[in-house]
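Hi,

I'm passing this structure over to you. Please have a look at it first, and then read on for what turned up.

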Amino acid sequence: MESKFEVSKLNLHYGQFHALKDVSLSILPHEVTALIGPSGCGKSTFLKTLNRMNDLEEGVVIDGDVLLDGKDVYKEMDAISLRQRVGMVFQQPNPFPKSIYENVAYGPKLQGIRSKVKLDEIVENALRGAAIWDEVKDRLKKSALGLSGGQQQRLCIARALAAGPDVLLMDEPTSALDPISTSKIEELCTELKKDYTIVMVTHNMQQAARISDRTAFFLLGEVIEYSDTDQMFSMPKDKRTEDYITGRFG
Amino acid sequence: MKEKSLFWKEHFWHGLISCCGLFVIVLTLAIGAFLVYKGSGTFTTYGHSIFEFLFSSDWSPVDSSKGGGSVGAAIFIVGSVSTCGLALLIATPFSLAAAIFMSEISPKLGTRFFRPAVELFVGIPSVIYGWVGLTTLVPAIRDLFDLNVGYSVLAAGIVLAIMIFPTITSVVTDAIKSVPNDYRKAAYGLGATRWQVIYQIVMPAAKPGVFTGIIMGLARAFGEALAVAMVIGRMRAFPTSILSPTTNLTAAIASDMGGSMDGGEYNTALWTMALLLFLISLLFIFIIHRIVGKGGVEKNESK
């Protein structure tokens, strides 16, 4: 299978700090790839290199190749069109202080879509895609800030979907949510991977085991182990991986 | 023993701080009451109508307690409104641009050089603004537009604009800075450019603060007396254009209050102008509270 992202020899420095060390990973399409590891191991930093959100931070120096469908995202693409193809969902649900409709329509509007009919269609599809349509269809004009945390997070997923990406990056998308909302998002991921490629950072080992196809274990900026999730959780190759997933540290 | 002394201190400071707080409230109420007492004489003692005071331009109050003159303050009111309106028109775009520059475009430069410079502006005494305006702006306007005198609404508007620029800028800067970074990240993550993030996400989210800043600037402009009096020309006539001299409420009060007989019709009419200024600033504060409150309510309502 042709990989979606092909990352090789990626090094990232925050000033003096060497945050990612020679990271090489292939992320396959229509799979959920989980990135696990203790805090500060570089998994979120790695995630942000995939849609160049690191560009917004100062003092970041990146070296190495990040290819999306064979094109280097740092050398052959601009950050704006890259982020339209690689959507992102953040740790804290962060809807704009606008109506539910305006939140979802924001991405397509940025791309110049003005037709009301077209926007209505995109918004509905995105909300259905994020499994929140039935809960909000009667209140599309109401403020998004009135939704519960779990609903807000699914709205943020809908907002990302509406921009028409083929990859979704999720940075601990359920860590601020209650168990029921969490399981809804997890179900959603399993559903969404039919159409999208999902890369998810998670602190929750069970979550990685439940929903991901492949797992990468990060430690101190290095990828210690990257393999099939079932295999990693049943027979980890590296001692450090085993210690981490059995809860001996982290 | 020890516990008792702790309690004593607790009560002492509690009492002292409460007294200070109450004093401020009492003082404000007392000033308001005093202005109402002094200013209402125009309508009660001298029997003029509020309509005459606000809309007539016939200003010839008698400087004694006999009364019988006329107290139309429309020229002063129009002078105040036009100079302040002009100042706002000039200052707001610059202030918004400066605030966006300081908080979004170049925060480093902003906090290190720009912010202190803007804050320095606030501290400059108004007589200096007036004097500089008088010696540079007034002749410049005269020469530029080929006028007999450069004293004008325009000169006053520009001086006021320079004076309220820092006020608006710093309030708006704070408002922009308080917009959660999450909004920016979300917009960037959807493929927005920096400009799109600023004007589609950050500025709408900062809107209550932006209005508060503008109204605070307006309030400062309305209350400014000295600098305006120096460049407006103090001519009791409606301005025919922004290049013509006129006068305003604060200039009239400042220049005439000393020479008028206490309790006379003239003096009382000036007090009524002061009362009007007080009411206008109360109105502005009320509007600010409405705006700020509304921003909060919008969020709460939807919860």
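Below are some notes on a sheet in chain A, and on a helix pair and the cysteines in chain B.

This is a predicted model, in which local features need pLDDT of at least 70, side-chain atom pairs count only at pLDDT 80 or more, and totals for chains, interfaces and linings use all residues. Residues are numbered from 1 along each chain as written, chains are lettered from A and ligands numbered from 1 in the order written, and side-chain values use heavy atoms, without hydrogens or water.

Chain A has an open sheet of 6 strands with mixed pairing, in the order E6-E7-E8-E3-E9-E10. Strands are DSSP runs of at least two residues (E), helices of at least four (H or I), numbered from the N terminus; two strands pair if DSSP finds at least two bridges between them. E6 (86-89) and E10 (222-228) of chain A each have a single partner strand, so one side of each lacks a neighbour in the sheet. E7 (residues 167-171) and E8 (residues 197-201) of chain A run parallel, joined by 5 bridges; Met170(A) has Met200(A) as its bridge partner in E8(A).

In chain B, helices H4 (residues 74-105) and H10 (residues 207-223) pack with their axes 9 Å apart. Cys84(B), one of the H4(B) residues making the contact (heavy atoms within 4.5 Å), is buried at 2% relative accessible area (buried means under 20%, exposed over 50%, partly exposed in between, with a 1.4 Å probe and protein chains only).

There are 0 disulfides over all chains (cysteine sulfur pairs within 2.5 Å). The sulfur of Cys19(B) has its closest cysteine sulfur in Cys20(B), 7.0 Å away and too far for a bond.

Best wishes

Note on methods
Axes fitted to C-alpha atoms, helices over the stretch in contact; angles between N-to-C directions.
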